[in-house]
Amino acid sequence: MIAWLGMARPKTIALHPSRTIELGVPKDEAFDRCVDGIERVLGGVIREAQRDRGTIEAGFGLIFSERLTCTVSPIDATHARVVIEARRGAQAATAMPSSYVDALADYLTT
């Protein structure tokens, strides 16, 4: 949309970083792995988790804190899809990709 101004969007910008992954486990197991990854691996705090809806809200840090939302949905009886999204407060610096999103996705897929 701003191409007509001759301005290119920076490649490093990630205002709302997210990743979608598919796992070869049922929805409930994927949900449990997300909770474990957030709390044990990343050191986050689960603010709200609703297993029936497949949603997890977590937070990291106090200053320039990042919030993470995971949505777990079944693909079939033995596979689940996980959408990991990060939200940040407004910052003057260019937003970079989220290390929390990438680390949780890496943990879930290994």
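Among contacts (heavy atoms within 4.5 Å) in the protein between residues at least 6 apart in sequence, 54% join residues at least 24 apart. This is a predicted model, in which local features need pLDDT of at least 70 and side-chain atom pairs count only at pLDDT 80 or more, while totals for chains, interfaces and linings use all residues. Residues are numbered from 1 along each chain as its sequence is written, and side-chain values use heavy atoms, with hydrogens and water left out.

**Overall make-up**

- The protein has 2 helices and 5 strands, taken as DSSP runs numbered from the N terminus, with helices being H or I of at least four residues and strands E of at least two.
- Read from the N terminus, the order of these elements is β-α-β-β-β-β-α.
- Of its 110 residues, 31% count as buried, where buried means under 20% relative accessible area, exposed over 50% and partly exposed in between, with a 1.4 Å probe and protein chains only.
- The accessible surface of the protein comes to about 7000 Å², of which 55% belongs to carbon and sulfur atoms; such areas come from the Shrake-Rupley method with a 1.4 Å probe, and for residues only the protein chains shown count as cover.

**Helix α1**

- Helix α1 (residues 27-41) has 15 residues and spans 20 Å from its first C-alpha to its last, close to the 21 Å expected at 1.5 Å a residue, the expected span being 1.5 Å times one less than the number of residues.
- Its buried residues are K27, A30, F31, C34, G37 and I38.
- Seen down the axis of α1, the buried residues fall within an arc of 125 degrees, so they line one face of the helix; the arc is that of the directions from the helix axis to the C-beta atoms.
- The cover over these buried residues includes β1 (18-23), β2 (45-50), β3 (55-60), β4, β5 (79-88) and α2 (99-109).
- After α1 comes G43, whose phi is positive, near 75 degrees.

**Cysteines**

- The structure holds 0 disulfides, a disulfide being a pair of cysteine sulfur atoms within 2.5 Å.
- The sulfur of C34 lies 4.5 Å from the closest cysteine sulfur, that of C70, which is too far for a bond.
- C34 is buried, with a relative accessible area of 0%, and C70 is likewise buried at 0%.

**E66 in strand β4**

- E66 belongs to strand β4 (residues 66-76) and is buried, with a relative accessible area of 8%.
- A polar contact of 2.3 Å joins the side chains of E66 and S98; the term denotes a pair of N or O atoms within 3.5 Å, of which, within protein, one must be able to donate a hydrogen and the other to accept it, and residues adjacent in sequence count only if both atoms are side-chain atoms.
- Not counting residues up to four places away in sequence, E66 touches A58, G59, F60, A86, R87, R88, S98 and Y100.
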